[in-house]
Amino acid sequence: MPPSDDQAITGTIFDQSAILSIKDLSRMCQVDERHIVEFVEEGVLNVIEISSEWHFTGDALRRARLAVRLERDLELNLAGVALALDLLEELQRLRRELEARRS
Amino acid sequence: MEFKDYYKVMGVARDATEAQIKQAYRKLARKYHPDVSKEKDAEARFKEVGEAYEVLKSPEKRAAYDQLGQNHRAGEEFRPPPNWDSGFEFSGAGPGNSAYSDGFDQLFGAQARSGRSRGEFHAGRGEDHHAKVLLDLEASLNGGSRTFTLRMPEIDDEGRLVSKERTLNVQVPKGILAGQQIRLAGQGARAPASGTPGDLYIEVEFQPHPLYRVDGRDLSLELPVAPWEAALGASVKTPTPSGMVDLKVPPGSHAGSKLRLKGRGIPASPPGDFYVVLQVALPAANDDQAKAAYAAFAAALAFNPRASLGA
(Lines give C-alpha, C1' and ligand atoms only; values in the text may rest on other atoms or scores of the structure.)
Protein backbone atom coordinates (compact mmCIF):
# COMPACT_ATOMS: atom_id res chain seq x y z
CA MET A 1 0.00 0.00 0.00
CA PRO A 2 1.73 3.19 -1.09
CA PRO A 3 1.65 6.09 1.35
CA SER A 4 -0.90 8.72 0.51
CA ASP A 5 0.09 11.85 -1.36
CA ASP A 6 -0.43 14.21 1.53
CA GLN A 7 2.47 12.70 3.50
CA ALA A 8 4.87 13.06 0.63
CA ILE A 9 7.70 15.56 0.62
CA THR A 10 7.25 18.02 -2.16
CA GLY A 11 10.21 18.76 -4.37
CA THR A 12 10.87 21.29 -7.07
CA ILE A 13 12.38 20.69 -10.47
CA PHE A 14 15.87 22.05 -10.48
CA ASP A 15 16.57 23.09 -14.06
CA GLN A 16 16.92 26.15 -16.27
CA SER A 17 14.54 28.06 -14.04
CA ALA A 18 16.81 27.67 -11.01
CA ILE A 19 19.46 30.36 -10.99
CA LEU A 20 22.69 29.83 -9.10
CA SER A 21 25.45 32.27 -8.28
CA ILE A 22 29.07 31.22 -8.63
CA LYS A 23 29.16 31.07 -4.84
CA ASP A 24 26.22 28.64 -4.75
CA LEU A 25 27.75 26.44 -7.41
CA SER A 26 31.13 26.42 -5.74
CA ARG A 27 29.59 25.36 -2.43
CA MET A 28 27.39 22.71 -4.03
CA CYS A 29 30.30 21.15 -5.93
CA GLN A 30 32.75 21.57 -3.07
CA VAL A 31 35.34 23.28 -5.21
CA ASP A 32 36.52 26.84 -4.92
CA GLU A 33 35.22 29.61 -7.12
CA ARG A 34 38.45 29.84 -9.09
CA HIS A 35 37.83 26.32 -10.27
CA ILE A 36 34.33 27.19 -11.47
CA VAL A 37 35.87 30.07 -13.44
CA GLU A 38 38.28 27.59 -15.04
CA PHE A 39 35.36 25.37 -16.03
CA VAL A 40 33.68 28.33 -17.71
CA GLU A 41 36.86 29.34 -19.50
CA GLU A 42 37.34 25.81 -20.79
CA GLY A 43 33.76 25.76 -22.07
CA VAL A 44 32.66 23.05 -19.63
CA LEU A 45 29.94 25.26 -18.14
CA ASN A 46 27.67 27.82 -19.75
CA VAL A 47 27.24 31.06 -17.95
CA ILE A 48 24.46 33.65 -18.04
CA GLU A 49 25.51 37.22 -17.44
CA ILE A 50 23.02 39.27 -15.45
CA SER A 51 24.17 42.86 -14.85
CA SER A 52 27.80 41.83 -15.45
CA GLU A 53 27.61 39.06 -12.85
CA TRP A 54 27.89 35.37 -13.64
CA HIS A 55 24.96 33.08 -13.04
CA PHE A 56 24.33 29.43 -13.75
CA THR A 57 21.20 27.38 -14.28
CA GLY A 58 20.29 24.33 -12.23
CA ASP A 59 21.41 22.11 -15.12
CA ALA A 60 24.95 23.41 -14.67
CA LEU A 61 25.05 21.76 -11.24
CA ARG A 62 24.75 18.28 -12.72
CA ARG A 63 27.37 19.07 -15.34
CA ALA A 64 29.76 20.71 -12.90
CA ARG A 65 29.51 17.80 -10.46
CA LEU A 66 30.16 15.34 -13.25
CA ALA A 67 33.18 17.40 -14.32
CA VAL A 68 34.53 17.41 -10.77
CA ARG A 69 34.07 13.65 -10.46
CA LEU A 70 35.82 12.92 -13.75
CA GLU A 71 38.64 15.27 -12.94
CA ARG A 72 39.22 13.77 -9.53
CA ASP A 73 38.59 10.09 -10.17
CA LEU A 74 40.28 9.81 -13.55
CA GLU A 75 42.95 12.39 -12.81
CA LEU A 76 42.03 14.32 -15.95
CA ASN A 77 43.11 17.85 -16.74
CA LEU A 78 40.60 20.53 -17.74
CA ALA A 79 40.85 19.96 -21.46
CA GLY A 80 40.40 16.23 -20.88
CA VAL A 81 37.29 16.85 -18.79
CA ALA A 82 35.82 19.12 -21.46
CA LEU A 83 36.49 16.53 -24.14
CA ALA A 84 35.08 13.69 -22.00
CA LEU A 85 31.89 15.64 -21.32
CA ASP A 86 31.39 16.38 -25.00
CA LEU A 87 32.02 12.77 -25.95
CA LEU A 88 29.73 11.47 -23.20
CA GLU A 89 26.95 13.69 -24.49
CA GLU A 90 27.51 12.51 -28.04
CA LEU A 91 27.57 8.90 -26.83
CA GLN A 92 24.29 9.36 -25.02
CA ARG A 93 22.70 10.87 -28.12
CA LEU A 94 23.93 7.99 -30.30
CA ARG A 95 22.75 5.39 -27.80
CA ARG A 96 19.29 6.93 -27.78
CA GLU A 97 19.22 6.88 -31.56
CA LEU A 98 20.37 3.29 -31.65
CA GLU A 99 17.68 2.32 -29.19
CA ALA A 100 15.09 4.09 -31.34
CA ARG A 101 16.20 2.14 -34.40
CA ARG A 102 16.15 -1.15 -32.58
CA SER A 103 12.62 -0.83 -31.28
CA MET B 1 35.64 -7.56 8.86
CA GLU B 2 36.95 -9.05 5.68
CA PHE B 3 40.49 -8.69 4.56
CA LYS B 4 40.76 -7.47 0.98
CA ASP B 5 43.69 -8.09 -1.30
CA TYR B 6 44.18 -4.65 -2.76
CA TYR B 7 46.95 -5.86 -5.05
CA LYS B 8 44.62 -8.39 -6.59
CA VAL B 9 41.89 -5.77 -6.96
CA MET B 10 44.31 -3.56 -8.88
CA GLY B 11 45.82 -6.45 -10.81
CA VAL B 12 49.38 -5.55 -9.84
CA ALA B 13 52.21 -7.49 -8.26
CA ARG B 14 53.00 -7.00 -4.58
CA ASP B 15 56.27 -5.32 -5.54
CA ALA B 16 54.69 -3.01 -8.13
CA THR B 17 56.21 0.45 -8.39
CA GLU B 18 54.22 3.59 -7.66
CA ALA B 19 54.12 4.31 -11.37
CA GLN B 20 52.71 0.84 -12.12
CA ILE B 21 50.04 1.26 -9.46
CA LYS B 22 49.07 4.64 -10.82
CA GLN B 23 48.87 3.29 -14.33
CA ALA B 24 46.75 0.35 -13.24
CA TYR B 25 44.42 2.67 -11.34
CA ARG B 26 43.90 5.00 -14.28
CA LYS B 27 43.10 2.14 -16.60
CA LEU B 28 40.65 0.53 -14.17
CA ALA B 29 39.10 3.86 -13.19
CA ARG B 30 38.35 4.67 -16.81
CA LYS B 31 36.91 1.22 -17.32
CA TYR B 32 34.65 1.24 -14.28
CA HIS B 33 33.86 4.90 -13.67
CA PRO B 34 30.08 4.95 -13.07
CA ASP B 35 29.65 8.06 -15.20
CA VAL B 36 31.42 6.50 -18.14
CA SER B 37 31.16 2.74 -17.84
CA LYS B 38 28.42 0.49 -19.11
CA GLU B 39 29.76 -2.51 -17.22
CA LYS B 40 27.15 -4.14 -15.04
CA ASP B 41 28.85 -3.91 -11.67
CA ALA B 42 30.75 -0.75 -12.56
CA GLU B 43 29.93 1.17 -9.42
CA ALA B 44 30.94 -1.60 -7.04
CA ARG B 45 34.14 -2.30 -8.96
CA PHE B 46 34.98 1.39 -9.11
CA LYS B 47 34.63 1.76 -5.37
CA GLU B 48 36.78 -1.29 -4.81
CA VAL B 49 39.46 0.02 -7.13
CA GLY B 50 39.29 3.49 -5.54
CA GLU B 51 39.64 1.95 -2.11
CA ALA B 52 42.62 -0.13 -3.17
CA TYR B 53 44.31 2.84 -4.84
CA GLU B 54 43.69 5.07 -1.85
CA VAL B 55 45.83 2.69 0.17
CA LEU B 56 48.44 1.59 -2.34
CA LYS B 57 49.26 5.04 -3.70
CA SER B 58 50.42 6.29 -0.33
CA PRO B 59 53.72 4.80 0.79
CA GLU B 60 52.70 5.08 4.46
CA LYS B 61 49.34 3.37 4.06
CA ARG B 62 50.80 0.79 1.75
CA ALA B 63 53.48 -0.08 4.27
CA ALA B 64 50.87 -0.37 7.01
CA TYR B 65 48.70 -2.51 4.79
CA ASP B 66 51.59 -4.78 3.79
CA GLN B 67 52.42 -5.37 7.43
CA LEU B 68 48.85 -6.48 8.08
CA GLY B 69 48.76 -8.54 4.91
CA GLN B 70 51.63 -10.77 5.98
CA ASN B 71 49.32 -12.61 8.32
CA HIS B 72 46.08 -12.55 6.39
CA ARG B 73 44.50 -13.84 3.23
CA ALA B 74 41.84 -12.13 1.17
CA GLY B 75 38.31 -12.84 2.34
CA GLU B 76 39.52 -13.97 5.76
CA GLU B 77 37.90 -12.48 8.83
CA PHE B 78 40.28 -10.38 10.81
CA ARG B 79 40.38 -7.62 13.38
CA PRO B 80 43.05 -4.95 13.14
CA PRO B 81 45.30 -4.80 16.20
CA PRO B 82 44.80 -1.72 18.35
CA ASN B 83 46.82 1.29 17.22
CA TRP B 84 48.08 -0.64 14.23
CA ASP B 85 48.20 2.58 12.25
CA SER B 86 49.94 4.76 14.78
CA GLY B 87 52.88 6.54 13.30
CA PHE B 88 51.25 6.77 9.89
CA GLU B 89 49.85 10.09 8.97
CA PHE B 90 46.81 10.11 6.71
CA SER B 91 45.83 13.25 4.99
CA GLY B 92 43.45 14.74 2.52
CA ALA B 93 40.30 13.75 0.75
CA GLY B 94 40.32 10.56 -1.25
CA PRO B 95 38.60 9.78 -4.51
CA GLY B 96 35.09 10.85 -3.76
CA ASN B 97 32.48 10.59 -1.10
CA SER B 98 31.83 7.03 -2.16
CA ALA B 99 31.36 4.78 0.82
CA TYR B 100 34.24 2.36 1.07
CA SER B 101 34.01 -1.11 2.48
CA ASP B 102 33.74 -1.72 6.20
CA GLY B 103 37.27 -2.96 6.13
CA PHE B 104 38.51 0.31 4.80
CA ASP B 105 36.50 2.25 7.35
CA GLN B 106 37.91 0.27 10.22
CA LEU B 107 41.42 0.53 8.94
CA PHE B 108 41.63 4.06 7.73
CA GLY B 109 38.74 5.77 9.44
CA ALA B 110 36.21 8.22 8.13
CA GLN B 111 38.56 11.16 8.33
CA ALA B 112 40.80 9.61 5.70
CA ARG B 113 38.44 10.39 2.89
CA SER B 114 35.11 11.79 3.98
CA GLY B 115 35.63 14.93 1.94
CA ARG B 116 35.12 16.96 5.09
CA SER B 117 38.48 18.57 4.65
CA ARG B 118 37.23 20.20 1.48
CA GLY B 119 33.66 20.76 2.54
CA GLU B 120 34.23 23.49 5.03
CA PHE B 121 33.09 26.35 2.90
CA HIS B 122 29.96 27.06 4.87
CA ALA B 123 30.21 26.27 8.50
CA GLY B 124 26.80 25.80 10.06
CA ARG B 125 25.23 24.33 6.95
CA GLY B 126 24.82 20.60 6.36
CA GLU B 127 26.16 19.06 3.19
CA ASP B 128 23.93 18.58 0.18
CA HIS B 129 23.22 15.01 -0.79
CA HIS B 130 22.80 13.70 -4.28
CA ALA B 131 21.10 10.56 -5.47
CA LYS B 132 19.85 8.99 -8.67
CA VAL B 133 16.54 7.21 -9.04
CA LEU B 134 14.77 5.23 -11.74
CA LEU B 135 11.29 6.57 -12.17
CA ASP B 136 8.32 5.28 -14.14
CA LEU B 137 7.32 7.64 -16.92
CA GLU B 138 3.78 7.89 -15.55
CA ALA B 139 5.08 9.71 -12.49
CA SER B 140 6.20 12.56 -14.73
CA LEU B 141 3.12 12.39 -16.96
CA ASN B 142 0.60 12.50 -14.12
CA GLY B 143 2.55 13.63 -11.08
CA GLY B 144 1.96 11.75 -7.84
CA SER B 145 4.01 10.42 -4.99
CA ARG B 146 6.63 7.73 -5.22
CA THR B 147 8.62 5.99 -2.54
CA PHE B 148 12.37 5.80 -2.96
CA THR B 149 14.88 3.92 -0.89
CA LEU B 150 18.17 5.74 -0.87
CA ARG B 151 21.48 4.89 0.70
CA MET B 152 22.81 7.94 2.41
CA PRO B 153 26.19 8.52 3.98
CA GLU B 154 25.89 9.72 7.55
CA ILE B 155 28.35 10.56 10.26
CA ASP B 156 27.52 8.43 13.29
CA ASP B 157 28.02 9.34 16.94
CA GLU B 158 31.61 8.17 16.83
CA GLY B 159 32.38 10.41 13.89
CA ARG B 160 32.53 7.50 11.47
CA LEU B 161 31.00 7.62 8.01
CA VAL B 162 28.28 5.01 7.71
CA SER B 163 25.86 4.18 4.95
CA LYS B 164 22.27 4.36 6.08
CA GLU B 165 19.15 3.31 4.27
CA ARG B 166 16.46 5.90 4.09
CA THR B 167 12.98 5.66 2.66
CA LEU B 168 11.48 8.82 1.26
CA ASN B 169 8.01 9.46 -0.02
CA VAL B 170 8.35 12.17 -2.62
CA GLN B 171 5.77 14.14 -4.52
CA VAL B 172 7.16 13.92 -8.06
CA PRO B 173 6.80 17.22 -9.91
CA LYS B 174 4.68 16.75 -13.00
CA GLY B 175 6.67 17.18 -16.19
CA ILE B 176 10.11 16.29 -14.86
CA LEU B 177 12.51 15.12 -17.56
CA ALA B 178 15.27 12.53 -17.53
CA GLY B 179 18.53 14.08 -16.32
CA GLN B 180 16.73 16.74 -14.33
CA GLN B 181 16.98 16.95 -10.59
CA ILE B 182 14.33 17.20 -7.94
CA ARG B 183 15.44 19.46 -5.14
CA LEU B 184 14.19 18.55 -1.68
CA ALA B 185 15.04 21.45 0.58
CA GLY B 186 16.39 20.53 3.99
CA GLN B 187 16.59 16.77 3.26
CA GLY B 188 20.39 16.64 3.02
CA ALA B 189 22.85 16.13 5.85
CA ARG B 190 22.12 17.53 9.27
CA ALA B 191 24.07 20.64 10.06
CA PRO B 192 26.88 20.61 12.59
CA ALA B 193 25.56 22.41 15.68
CA SER B 194 22.47 24.47 15.01
CA GLY B 195 22.80 25.45 11.36
CA THR B 196 20.47 24.66 8.49
CA PRO B 197 20.46 21.14 7.02
CA GLY B 198 21.66 20.61 3.46
CA ASP B 199 19.41 19.83 0.52
CA LEU B 200 18.81 16.57 -1.28
CA TYR B 201 19.01 16.44 -5.06
CA ILE B 202 17.47 13.48 -6.82
CA GLU B 203 18.47 13.00 -10.43
CA VAL B 204 15.80 11.25 -12.43
CA GLU B 205 16.11 8.56 -15.09
CA PHE B 206 13.13 6.81 -16.61
CA GLN B 207 12.55 3.10 -16.66
CA PRO B 208 11.89 1.84 -20.17
CA HIS B 209 8.22 2.28 -20.99
CA PRO B 210 6.27 -0.55 -22.65
CA LEU B 211 4.70 1.77 -25.25
CA TYR B 212 6.50 5.08 -25.44
CA ARG B 213 10.05 6.03 -26.14
CA VAL B 214 11.32 9.15 -24.44
CA ASP B 215 13.49 11.74 -26.17
CA GLY B 216 13.92 14.74 -23.90
CA ARG B 217 10.41 16.12 -23.51
CA ASP B 218 9.04 14.34 -26.57
CA LEU B 219 7.48 10.92 -26.61
CA SER B 220 7.06 8.58 -29.54
CA LEU B 221 5.02 5.50 -30.24
CA GLU B 222 5.40 2.96 -33.00
CA LEU B 223 1.93 2.38 -34.38
CA PRO B 224 1.24 -0.60 -36.61
CA VAL B 225 -1.17 0.08 -39.48
CA ALA B 226 -2.51 -2.15 -42.28
CA PRO B 227 -1.15 -1.49 -45.80
CA TRP B 228 -4.55 -0.15 -46.93
CA GLU B 229 -4.80 2.14 -43.91
CA ALA B 230 -1.45 3.66 -44.84
CA ALA B 231 -2.26 3.90 -48.56
CA LEU B 232 -5.85 5.10 -48.39
CA GLY B 233 -5.82 6.96 -45.13
CA ALA B 234 -7.79 5.96 -42.06
CA SER B 235 -8.83 6.96 -38.60
CA VAL B 236 -7.20 4.61 -36.09
CA LYS B 237 -7.35 4.24 -32.33
CA THR B 238 -4.05 5.28 -30.75
CA PRO B 239 -2.94 5.25 -27.12
CA THR B 240 -1.48 8.56 -25.93
CA PRO B 241 -0.47 9.68 -22.42
CA SER B 242 -3.80 11.49 -22.13
CA GLY B 243 -5.83 8.50 -23.22
CA MET B 244 -7.02 6.85 -26.43
CA VAL B 245 -7.45 9.19 -29.39
CA ASP B 246 -8.70 8.72 -32.94
CA LEU B 247 -5.67 9.45 -35.07
CA LYS B 248 -6.10 10.46 -38.70
CA VAL B 249 -3.59 8.64 -40.87
CA PRO B 250 -3.31 10.67 -44.08
CA PRO B 251 -3.60 8.85 -47.44
CA GLY B 252 -0.25 7.99 -48.99
CA SER B 253 1.46 7.33 -45.65
CA HIS B 254 4.23 4.75 -45.52
CA ALA B 255 6.35 2.90 -42.98
CA GLY B 256 8.33 5.45 -40.99
CA SER B 257 5.85 8.28 -41.59
CA LYS B 258 5.88 10.49 -38.50
CA LEU B 259 2.72 12.16 -37.26
CA ARG B 260 2.99 14.83 -34.60
CA LEU B 261 0.48 15.50 -31.86
CA LYS B 262 1.60 18.86 -30.61
CA GLY B 263 1.87 19.35 -26.86
CA ARG B 264 0.92 15.77 -25.99
CA GLY B 265 4.37 14.70 -24.83
CA ILE B 266 5.73 15.17 -21.31
CA PRO B 267 3.82 18.04 -19.63
CA ALA B 268 6.94 20.09 -18.97
CA SER B 269 7.02 23.78 -19.66
CA PRO B 270 6.92 24.04 -22.60
CA PRO B 271 5.25 20.65 -23.04
CA GLY B 272 6.81 18.10 -25.36
CA ASP B 273 5.20 16.64 -28.46
CA PHE B 274 3.89 13.18 -29.08
CA TYR B 275 5.08 11.45 -32.23
CA VAL B 276 3.42 8.50 -33.86
CA VAL B 277 5.74 6.57 -36.15
CA LEU B 278 3.84 4.34 -38.55
CA GLN B 279 4.79 0.75 -39.06
CA VAL B 280 3.12 -1.12 -41.88
CA ALA B 281 2.07 -4.57 -40.72
CA LEU B 282 1.48 -7.24 -43.34
CA PRO B 283 -1.40 -9.68 -42.95
CA ALA B 284 -0.29 -13.29 -43.01
CA ALA B 285 -1.03 -15.25 -46.21
CA ASN B 286 -1.90 -18.47 -44.48
CA ASP B 287 -5.16 -19.45 -46.13
CA ASP B 288 -6.49 -19.60 -49.70
CA GLN B 289 -8.51 -16.44 -49.38
CA ALA B 290 -5.56 -14.39 -48.19
CA LYS B 291 -3.32 -15.87 -50.88
CA ALA B 292 -5.89 -14.98 -53.54
CA ALA B 293 -6.08 -11.42 -52.22
CA TYR B 294 -2.30 -11.05 -52.41
CA ALA B 295 -2.28 -12.50 -55.93
CA ALA B 296 -4.99 -10.05 -57.03
CA PHE B 297 -2.96 -7.27 -55.43
CA ALA B 298 0.14 -8.28 -57.38
CA ALA B 299 -1.81 -8.52 -60.63
CA ALA B 300 -3.43 -5.12 -60.16
CA LEU B 301 -0.26 -3.17 -59.33
CA ALA B 302 2.88 -3.24 -61.38
CA PHE B 303 4.94 -2.70 -58.23
CA ASN B 304 8.68 -3.16 -58.07
CA PRO B 305 9.87 -2.39 -54.53
CA ARG B 306 13.50 -2.64 -55.72
CA ALA B 307 13.22 -0.13 -58.56
CA SER B 308 15.62 2.26 -56.80
CA LEU B 309 18.25 -0.49 -56.64
CA GLY B 310 18.24 -0.89 -60.41
CA ALA B 311 17.13 -4.48 -59.93
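At roughly what angle do the axes of H2(B) and helix H3 (residues 42-56) of chain B cross, and within what distance do they come?

## Basis

This is a predicted model, in which local features need pLDDT of at least 70, side-chain atom pairs count only at pLDDT 80 or more, and totals for chains, interfaces and linings use all residues. Residues are numbered from 1 along each chain as its sequence is written, while chains are lettered from A and ligands numbered from 1 in the order in which they are written.

## Helix packing in chain B

The axes of H2(B) and H3(B) cross at roughly 160° and come within 9 Å. Axes here are lines fitted to C-alpha atoms, for helices over the stretch in contact, with angles from 0 to 180 degrees between N-to-C directions. The two helices are therefore roughly antiparallel (angles over 145 degrees). Their crossing is left-handed (the near helix is turned anticlockwise from the far one by less than a right angle). Helices (H or I, at least four residues) and strands (E, at least two) are DSSP runs, numbered from the N terminus.

H2(B) makes the contact with B:Ile21, B:Tyr25, B:Leu28, B:Ala29 and B:Tyr32. H3(B) brings B:Ala42, B:Arg45, B:Phe46, B:Val49, B:Tyr53 and B:Leu56. Contact means C-beta atoms, placed from the backbone, within 7 Å. The contact residues divide into 10 nonpolar, no polar and one charged. Ala, Val, Leu, Ile, Met, Phe, Trp, Tyr, Cys and Pro count as nonpolar, Asp, Glu, Lys and Arg as charged, and the others, Gly among them, as polar.

## The A–B interface

In the interface, 36 residues of chain B are in contact with 29 residues of chain A. Elements giving two or more residues to the chain B side include helix H2 (18-32), strand S2 (144-155) and strand S4 (181-184). That side divides into 11 nonpolar, 15 polar and 10 charged residues.

Strand S2 (residues 12-14) of chain A runs antiparallel to S4(B), joined by three bridges. Pairing requires at least two DSSP bridges. A:Ile13 has B:Ile182 as its bridge partner.

## Backbone exceptions

Most residues other than glycine have a negative phi, and most peptide bonds are trans. A:Gln30 has phi near 55°. A:Gln30 sits in the loop between helix H1 (22-29) and helix H2 (33-41) of chain A. A:Gln30 is partly exposed, with 19 other C-beta atoms within 10 Å. The cut-offs are 20 or more for buried, 12 or fewer for exposed, and partly exposed in between, counting other C-beta atoms, placed from the backbone, within 10 Å.

The peptide bond from B:Ser269 to B:Pro270 is cis, with omega near 0°. B:Pro270 lies in the loop between strand S10 (258-261) and strand S11 (274-280) of chain B.

Key:
Two residues are in contact if their C-beta atoms, placed from the backbone, lie within 7 Å. Angles under 35 degrees count as roughly parallel, over 145 as roughly antiparallel, 65 to 115 as roughly perpendicular and the rest as oblique.
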